Amino acid sequence: MWDRLLTDCHVATMEPAPGNPLGIIENGAIGIQDGRIVRVGTRTDLAGNRAREVLPLGGAWVTPGLIDCHTHLIFGGNRADEHAMRRAGASYQEIAEAGGGIASTVKRTREASEPELLASAAMRLDALMKGGVTTIEIKSGYGLDLEGELRLLRCAKALAASEAVRIVPTLLALHALPAEWKDRRIGYVSMVIDELLPAVADEQLAETVDAFCEDMAFSSDEVERLFKAAHARGFRVKLHAEQLSNQNGAALASKYNALSADHLEHLDEHGAAAMAEAGTVAVLLPGAFYALQEERKPPVQLLRDHKVPIAVATDCNPGTSPLLSPTLAMNMACTLFGLTPEEALAGMTINGAKALGIEEEIGTVAVGKAADLCVWRLESLAELGYWIGLPGPERRIYAGDDT
């Protein structure tokens, strides 16, 4: 006898079939046992199976739980003042040079206590969970010293233990050069490689390493030093690439079989081809594009032409994407970047899972996978990329249970 049987629903399995790109099963049913999917098919296919709880969904749509594969969720303070500066015409780089940007968040984060960091992050996490998120990546990057970065990753681990959500932590120590290392760039990168990477590995605080490759952040040579060391220690890598300029970061990331290259507004043909060959996912972040009032869009058609998987994420952070709605991220991906509603949904399900390297566990409604699901009261799935400010799902199911 199964734990639960969901019936009378339409299921977007996200496992494509000829003529059925979302793998839709009309009048479907889903069997759940021990937090995993044990059967999925039509209601007729599953007729006769018994469950402790049979839950008719009244014709609702069921999708995989949403996956937010790029966030900077844990930080101190906020940067609402920079919003006003941008409205007055200041650029991202000008704000950073004036002492704002990442540096200001690093200062506030270092000043905050661990309970304060956890409390503020939990509020943001709650909003994303209510929006349908069942898996979220959380990057460090606002500590920028040995203990500060470890503290943020430990906070992510603590959130994972207390909340009904799957958390994937990522080390992002090459996010910005901290002020105390201003004249010692080589020394900072060496500290990250020689001290921080081993400490993270020893405590098993993260399995993935990220960096920000940009003129105002870290060079491709510095990033490659990190990636070589990360690979040697068994970490997988990803990269903030081609957001403000073309640093050939996507090609560099692909050279190290990166899980993803993220932002990509300045991606070129060479980078797209390299990503396709390596199987690197393109993570598009429309919240940052919107908040920064950028004009150059990611080359979506180039990604399509090269068959690069496209993921979508909120990039939730205090400065350039204070976005707490996964459905709004999908709407922005459609409205601002030209994704189809089907691409946007794939971007926050199966392709989001690929961007985190856990597509064998989540991202589709399939036998053997975690029963992380969203139940939506919609006429059609196109509404997920259509409504502006759509509330979250009617029912959010994590590991088989309502949350």
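Author: **The sheet and its surroundings**

Strand β7 (residues 166-174) and strand β8 (residues 208-211) run parallel and are joined by 3 bridges. Strands here are DSSP runs of E with at least two residues, helices are runs of H or I with at least four residues, and both are numbered from the N terminus. Two strands count as paired if DSSP finds at least two bridges between them. Opposite T208 in β8 stands T170.

The model is predicted, so local features need pLDDT of at least 70 and side-chain atom pairs count only at pLDDT 80 or more, while totals for chains, interfaces and linings use all residues. Residues are numbered from 1 along each chain as its sequence is written, and side-chain values use heavy atoms, with hydrogens and water left out.

The open sheet has 8 strands with parallel pairing, in the order β5-β6-β7-β8-β9-β10-β11-β12. At its edges stand β5 (66-68) and β12 (310-312); each has a single partner strand, so one side of each lacks a neighbour in the sheet. On average, neighbouring strands of this sheet are turned by 25° against each other, direction ignored. For such angles, axes are lines fitted to C-alpha atoms, for helices over the stretch in contact, and angles run from 0 to 180 degrees between N-to-C directions.

Next, the nonpolar core. The term means a set of buried Ala, Val, Leu, Ile, Met, Phe, Trp, Tyr and Cys residues joined through side-chain atoms within 4.5 Å. Buried is under 20% relative accessible area, exposed is over 50%, and partly exposed lies in between (1.4 Å probe, protein chains only). The largest nonpolar core has 101 residues, of which I74, I136, Y188, V200 and L226 touch the most other members. Helix α6 (residues 185-203) gives the most to this core, with 9 residues. Another core, of 16 residues, lies apart from it and includes L6, C9, L55 and L373.

Contact means heavy atoms within 4.5 Å. Leaving aside neighbours within four places in sequence, I136 is in contact with D68, T71, L73, L125, L128, V165, R166, I167 and V168.

E224 is in helix α7 (residues 220-232) and counts as buried because its relative accessibility is 16%. Not counting residues up to four places away in sequence, E224 touches L252, K255 and Y256. M85, in helix α1 (residues 80-87), counts as partly exposed because its relative accessibility is 33%. Beyond its neighbours within four places in sequence, M85 is in contact with A90 and I95.
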